[in-house]
Amino acid sequence: MELRQLEYFIQICKSGSFTKAKEQLGVTQPTLSQQIRVLEDEYDTLLFNRVSRGVKLTEAGRILLNKGNAIMNLLEEARNKIYGQKHVARETLTIGCCPSEMEYLAPTFLRFHQKFPNAQLKIIEAEDVELKLQEHGVDIGITSNPISDHSVVATHLYRQEMALLLHTSHPMADKVSIPFRALKQMNSIVFRGQYKSLIEMYGFSCGFTLESMIETTSTSLLIHWVRQGHGAALLPISLLRSINNDSLRIVRIEGQVPTWDISLVYLNSAMMRSTAHEFIQEMKQFVRVAETG
């Protein structure tokens with residue numbers, strides 16, 4: 001069966017006669033009749049009973065009409081979705097992301113761009129995402145900060161957990177996990193400056209202050225430092241899992257583990273653009289895959 005034949009059949013059903021259908025379709029009566037005969041031959045059954053004032057569907061015709069309408073609806077849905085991907089993605093979408101999550105979420109940002117190649121995606125580092133949203137400086141935010149304004153919708157994405165990255169030559173490299181208080185004996189801890197207050201809080205709860213020999217915003221610099229055997233780095237375990245290097249080991253923190261929750265936030269508005277809706281769905285899909293993977 002060709003799609004054209006299905007369209008002819010459905011139009012006859014709508015019009016109630018071959019005569020009216022041919023006018024709507026802009027084809028000749030013989031052409032229309034011939035295509036319906038081909039369709040009936042294919043199914044080896046009559047689809048219409050000819051009556052004085054037009055046509056009446058047979059039982060087989062009613063089945064084909066029901067399924068045919070479903071097929072046409074699916075095609076229309078696909079057509080709209082493809083059109084939407086080509087045109088809706090011309091909008092500019094500004095994402096405000098807390099710096100600590102930029103590297104972890106980079107593959108998701110890239111996947112969204114590949115899916116909507118015409119989208120202009122602007123990703124900026126933003127510590128106070130809630131304020132940026134209220135000032136309309138960003139369309140969507142990704143933050144670890146709690147949200148206080150009821151006009152901002154917050155959707156929990158995932159929880160980050162810190163772990164220790166060590167060189168294989170480190171005395172603790174053979175450990176599977178260590179308590180956070182064990183870091184007190186290590187005089188060569190390095191971490192990103194953004195995690196300082198969190199790490200200090202956990203150190204204080206264990207009765208000591210954890211000093212860093214180097215603080216930077218660069219994860220790659222911290223990993224390089226450890227790879228050269230100059231200390232241990234406290235980093236999100238989600239980032240550490242992507243490291244494939246035989247000279248490095250990941251040691252989990254047991255007991256009191258430094259953690260923080262990441263949320264997707266946006267203004268509660270009915271005027272949200274479709275590109276923003278698509279990005280939100282992409283982020284939710286990322287979380288579902290991460291949880292099952």
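Biologist: How far apart are the closest N and O atoms in the salt bridge between R111 and E282?

Modeller: The model is predicted, and in it R111 forms a salt bridge with E282. This pair links distant parts of the chain, with R111 in helix α5 (residues 102-115) and E282 in helix α10 (residues 274-292), 171 residues apart. A salt bridge requires the nitrogen and the carboxyl oxygen to lie within 4 Å. For R111 and E282 the closest N and O atoms are apart by 3.5 Å.

Biologist: Is E282 buried or exposed?

Modeller: The relative accessible area of E282 is 8%. Buried means under 20%, so E282 counts as buried.

Biologist: Which residue in helix α5 does E282 of helix α10 pair with across 167 residues of sequence?

Modeller: E282 forms a salt bridge with K115, and the closest N and O atoms are 3.4 Å apart. Because E282 lies in helix α10 and its partner in helix α5, the pair ties together parts that are 167 residues apart in sequence.

Biologist: In which strand does R50, the partner of E40, lie?

Modeller: E40 and R50 form a salt bridge, with 3.7 Å between the closest N and O atoms. E40 lies in helix α3 (residues 29-43), so the pair ties together parts that are ten residues apart in sequence. E40 is buried at 8% relative accessible area, whereas R50 is partly exposed at 48%. R50 lies in residues 48-51, which is strand β1.

Biologist: How many salt bridges does the structure hold?

Modeller: For the structure the number of salt bridges is six.

Biologist: Why is the aromatic pair of F112 and F279 classed as it is?

Modeller: By the ring rule the structure has eight aromatic pairs. The ring centres of F112 and F279 are 5.3 Å apart, with the planes at 80 degrees. Planes over 60 degrees apart fall in one class, so this pair is edge-to-face.

Biologist: Which residues form one aromatic cluster?

Modeller: F112 is buried at 1% relative accessibility, and F279 is buried at 0%. Both of these belong to the cluster, whose members are F109, F112, F116 and F279.

Biologist: How many disulfides does the structure hold?

Modeller: C13 is partly exposed, with a relative accessible area of 21%, and C206 is partly exposed as well, at 27%. A disulfide needs two cysteine sulfur atoms within 2.5 Å. The number of disulfides in the structure is zero.

Biologist: Which residues does S15 touch, not counting residues up to four places away in sequence?

Modeller: S15 lies in helix α1, which covers residues 3-15. With a relative accessible area of 18%, S15 is buried. Beyond four places in sequence, S15 touches K20, A21 and Q24.

Definitions and conventions
Residues numbered from 1 in each chain as written. Predicted model: local features only at pLDDT ≥ 70, side-chain atom pairs only at ≥ 80, totals over all residues. Heavy atoms only, no water. Buried < 20%, exposed > 50% of the residue type's maximum accessible area, 1.4 Å probe, protein only. Salt bridge = Lys/Arg side-chain N within 4 Å of Asp/Glu carboxyl O. Helix = DSSP H or I, 4+ residues; strand = E, 2+ residues; numbered from the N terminus. Contact = heavy atoms within 4.5 Å. Phe/Tyr/Trp six-rings, centres within 6.5 Å; stacked < 30°, edge-to-face > 60°.
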